[in-house]
Amino acid sequence: MKKIKKIAVLTSGGDAPGMNAAIRSVVRTCAYYRIDCIGVFRGYQGLIEGDFVPMSARSVSSIINKGGTMLKSARSNEFRTEAGRKKAYDNLIAAEIDGLILIGGDGSFTGGLIFNKEYNFPLIGIPGTIDNDIFGTDYTIGYDTALNTVVEVIDKIRDTASSHNRLFFVEVMGRDAGFIALNAGIGAGAEEILIPEENLGLERLLDSLKRSKRAGKSSSIVVIAEGDKLGKNVFELRDYVEEHLPEYDVRVSVLGHMQRGGAPSCFDRVLASRLGVKAVELLLDGHSNLMVGIVNTKIESCPIEEALKGHHEINKELIRVSDIMSV
Ligand code: F6P
């Protein structure tokens with residue numbers, strides 16, 4: 001087994017608050033163990049183009065509190081090709097890099113796994129995405145901050161909803177997952193929460209809204225995950241509800257990328273710091289192809305392959321709690 005003397009770190013896929021804290025943790029853990037650390041700009045694309053920068057412990061000062069990623073991120077199509085991955089490998093070897101740490105979501109890990117199969121290059125994944133849709137970790141970096149952002153914004157929307165007796169459809173991120181919608185929905189006191197994991201159907205939504213009126217509610221918030229499977233986008237849903245329940249004055253608010261920005265929460269900073277340490281230590285101990293994560297408050301690891309095959313299930317108890325709360 002080759003001794004690890006130089007580690008590269010990159011961020012890939014959608015940025016998430018706390019990615020900077022994870023970079024800082026990787027860089028400082030390398031400094032602690034007296035090994036070199038290289039930052040790769042723009043994810044896999046930077047790997048292909050050899051866009052590298054040496055990183056010292058001081059180079060990551062004052063980034064723990066910053067959103068986004070100082071290394072920038074990209075979704076690289078070239079890395080999907082054999083030729084692209086060959087360039088990436090050649091650059092890693094030319095720079096004498098012995099191990100790679102990937103901070104990203106499942107798309108980034110899929111690319112990493114293919115790369116590892118082809119070149120047997122040591123790598124460890126750190127889950128960073130606001131979606132929290134990765135198996136093998138209870139929380140991904142960025143998710144907690146995104147939840148807090150969503151709740152804060154819905155609190156503001158509620159002011160208008162109640163002042164004007166309106167029904168608001170608030171669309172939140174989560175391409176294929178309802179974690180943000182479900183948790184922020186409960187936290188913000190939503191009337192209904194529509195998530196891709198549970199297709200409740202349009203009838204059920206109409207019934208629930210009718211019940212709300214009967215129960216004397218003058219305004220309501222419905223939180224909808226962007227990946228919801230109702231078959232209508234949020235604007236079509238508004239039209240549908242206005243057509244069937246003309247007593248409702250409906251407005252739509254699509255929160256969009258604001259959910260990905262901003263200073264990371266304390267939870268995300270601590271999580272990122274813990275995962276970064278573990279990722280470097282796993283590489284130093286000769287491990288590869290693992291993803292680090294937090295399970296029942298403990299930092300653990302699992303094969304990246306397992307993380308990709310498994311499905312992070314939504315907590316059904318939360319759906320029940322949401323139903324009870326909207327009585
Ligand atoms: O995966 C994170 C995420 O923010 C999803 O929730 C969302 O669907 C997607 O990325 C948006 O991607 P883009 O930045 O390419 O618009």
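Predicted model: local features only at pLDDT ≥ 70, side-chain atom pairs only at ≥ 80, totals over all residues.

**The domain interface and selected contacts**

Between domain 1 and domain 2, about 1200 Å² of area is buried, and carbon and sulfur atoms account for 51% of it.

Where do the two domains lie in the chain? The domain assignment places domain 1 at 6–142 + 264–309 and domain 2 at 143–260. Their centres, taken over C-alpha atoms, are separated by 34 Å. To the contact, domain 1 contributes 18 residues and domain 2 contributes 13 residues.

Which three residues supply more than any others of the area that domain 1 buries against domain 2? They are Ile130, Asp131 and Asn132, which together give 43% of that area.

Let me turn to charged pairs. Side chains of opposite charge can pair when their charged atoms come close. Across the interface of domain 1 and domain 2, 1 salt bridge is found. Asp15 and Arg260 form a salt bridge, with their closest N and O atoms 2.8 Å apart.

In total, the count comes to 14 salt bridges. One of them joins the side chains of Lys217 and Glu191, at 2.8 Å from N to O. Lys217 is in the loop between helix 7 (202–214) and strand 8 (220–225), while Glu191 is in the loop between helix 6 (179–187) and strand 7 (192–194), so this pair ties together parts 26 residues apart in sequence.

Finally, I come to a pair of helices. Helix 3, residues 82–94, packs against helix 4, residues 106–119, at an angle of about 70°, and the axes are 11 Å apart. The two helices are therefore roughly perpendicular. Which residues meet here? From helix 3 come Glu82, Arg85, Lys86, Ala88, Tyr89 and Leu92, and from helix 4 come Ile114, Phe115, Glu118 and Tyr119. Of the residues in this contact, 6 are nonpolar, 4 are charged and none is polar.

Terms used
Residues numbered from 1 in each chain as written. Heavy atoms only, no water. Axes fitted to C-alpha atoms, helices over the stretch in contact; angles between N-to-C directions. Helix = DSSP H or I, 4+ residues; strand = E, 2+ residues; numbered from the N terminus. Parallel < 35°, antiparallel > 145°, perpendicular 65-115°, else oblique. Contact = heavy atoms within 4.5 Å. Nonpolar A, V, L, I, M, F, W, Y, C, P; charged D, E, K, R; others polar. Domains from an automatic or database assignment. Buried area = accessible area lost by both parts, 1.4 Å probe. Salt bridge = Lys/Arg side-chain N within 4 Å of Asp/Glu carboxyl O.
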